[in-house]
Amino acid sequence: MKSAVEKRNTYFDNAATSFPKPPEVAAEMTRYLNEVGGSYGRSAHARTVAVSRAVEETRSFLAARIGVTQAAHLFFTHNATHAINLVLKGFPFTHKRVLVSALEHNAVMRPLMRLAAERGLTVATLPSLPDGTVAVERIGEALNEAADLVIVNHESNVNGVLQPLAEIKRRIGAVPLLVDAAQSAGSTPLALEEAGIDMAAFTGHKGLFGPTGTGALYLKEPDRIAPLIEGGTGSNSESFEMPGFLPDKFEAGTPNIAGIFGLRAALLHPPAVRHAAADLCALLDAMERVEGLRVFRAADRERQGELFSFTSDRMDCAAFGRRLHDEFGIETRVGLHCAPAAHRHMGTFPDGTVRIALSPYHDRDDIAYLRDAVKKVQGR
């Protein structure tokens, strides 16, 4: 049990943004703003040299975290959405056909739908199991027609399903694979080069515990993609053309240096994990035993991330979430979670679900408090 001085962690909305952040994150951002100063790659004085070194160290640290040896193939973005748009708006579509998983976020679906309207792109869904896991043995069915690109949400932000990326890549062969790793980066081990992943989008403010406004894009073959934004880079300033070398090709404009300092601190100071995988499994089991609750999770516990959703037969998700907050101080996310495609697949559209997203900061007492609160709101 927690001591009188320990505060219960009732924040279960970590799939939206992680909280709290390691204290070093704010400290490093403040240090940059108040002490370090300087720009990135724009001058040669000591401040700028220090900043440029810190930015490149962050790039290397992040590359190591995601299993990439060529850090120069990792480019800073504002978030995963920015990274995904960079790929989709700069991809040389030939067949004008894209395959997606059943659990894609609007960060993928909205730009794809715009491309469908403006360029005649066709979007098809990969064969999937009831929980949204890609049915890898049936991928060939979707490849009967030529496809330019396959996009897979590594960890669903609705039910926490972790997709078998390496197997998917093996099955699709030479077709490029873009991975949306917004939810999984930092919370699930990634080995992108080992799995043969072609492209991957990340955000810094979720499982990596960095600040908002930070993210990155990995490109195995950077020459394949055209830049989304053109502008100043501090290099080749005599030319109106964007530099063709890396990372300048994809990093026009001054980056979010304060945010990158914070991300660097997060990568160097990850929080200790206070609960085990068995604690999450026990929570799922307990909630599935509550009469009138329907839990949405991975069918295979080995493919379960640190989040899941549920619905109640007694009240809609908005009312359930409100009672958890007002009566127990528990913060969740309710509704469609910017992923209507996933909810359509699971049969929870248009009402959505109550989403629970754990973080390393939650311990067994926090999880037990959540479990008991859900039972009380459900009246069981």
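Trainee: Where does G186 lie?
Mentor: This is a predicted model, in which local features need pLDDT of at least 70 and side-chain atom pairs count only at pLDDT 80 or more, while totals for chains, interfaces and linings use all residues. Residues are numbered from 1 along each chain as its sequence is written, and side-chain values use heavy atoms, with hydrogens and water left out. Helices (H or I, at least four residues) and strands (E, at least two) are DSSP runs numbered from the N terminus, and G186 is placed in the loop between β5 (177-180) and α7 (192-195).

Trainee: Is G186 buried, partly exposed or exposed?
Mentor: Buried means under 20% relative accessible area and exposed means over 50%, with partly exposed in between (1.4 Å probe, protein chains only). The relative accessible area of G186 is 37%, so G186 counts as partly exposed.

Trainee: What is the volume of the largest pocket, and which residues are the closest to its centre?
Mentor: On a 1 Å grid over the protein atoms alone, a pocket is an open set of points with protein on both sides within 12 Å along at least five of seven lines, and a lining residue has an atom within 4 Å of a point. Among the 35 residues of its lining, the closest to the centre are E155, S187, T188, G305 and E306.

Trainee: Which helix gives the most to the lining of the largest pocket?
Mentor: The contribution in question amounts to four residues. It comes from the helix of residues 277-288, which is α9.

Trainee: Which residues of α9 are buried, and why are they on the same side?
Mentor: The buried residues of α9 are D279, L280, L283, L284, A286 and M287. The arc, taken over the directions from the helix axis to the C-beta atoms, is only 165 degrees for these residues, and therefore they are on the same side of α9. In general, an α-helix has 3.6 residues a turn, so residues three or four places apart point the same way. The face turned away from the buried side carries the exposed A277 and A278, whereas the answer to what is buried remains D279, L280, L283, L284, A286 and M287.

Trainee: What do the buried residues of α10 pack against?
Mentor: In α10 (residues 317-328), C317, F320, G321, L324 and F328 are buried. They cover an arc of only 100 degrees around the axis, which puts them on the same side of α10. Their packing partners are β8 (293-296), β9 (307-312), β10 (333-335), β11 (353-357) and α12 (364-378).

Trainee: Which residue caps the N-terminal end of α10?
Mentor: A polar contact is a pair of N or O atoms within 3.5 Å; within protein, one must be able to donate a hydrogen and the other to accept it, and residues adjacent in sequence count only if both atoms are side-chain atoms. Here a side-chain oxygen lies 3.2 Å from the backbone nitrogen of A318. The residue that supplies this oxygen is D316.

Trainee: What is the relative accessible area of T332?
Mentor: T332 belongs to the loop between α10 and β10, and its contacts beyond four places in sequence are F12, D13, G321, L324, V354, R355 and I356. T332 is buried, with a relative accessible area of 16%.

Trainee: How many residues of α8 are buried?
Mentor: Helix α8 runs over residues 257-268, and what covers its buried residues includes α1 (23-36), α2 (46-65) and β1 (74-77). The helix is mostly covered, and of its 12 residues the number buried is 11.

Trainee: How far apart in space are G132 and T30, C-alpha to C-alpha?
Mentor: G132 is found in the loop between β3 (122-125) and α5 (139-142), and it is buried, with a relative accessible area of 0%. It is in contact with L103, Q163 and H345, leaving aside neighbours within four places in sequence. From T30, 102 residues apart in sequence, G132 is separated by 42 Å.

Key
The expected span of a helix is 1.5 Å times one less than its number of residues. Contact means heavy atoms within 4.5 Å. On a 1 Å grid over the protein atoms alone, a cavity is a set of points where a 1.4 Å probe fits but cannot get out, and a pocket is an open set with protein on both sides within 12 Å along at least five of seven lines; lining residues have an atom within 4 Å of a point.
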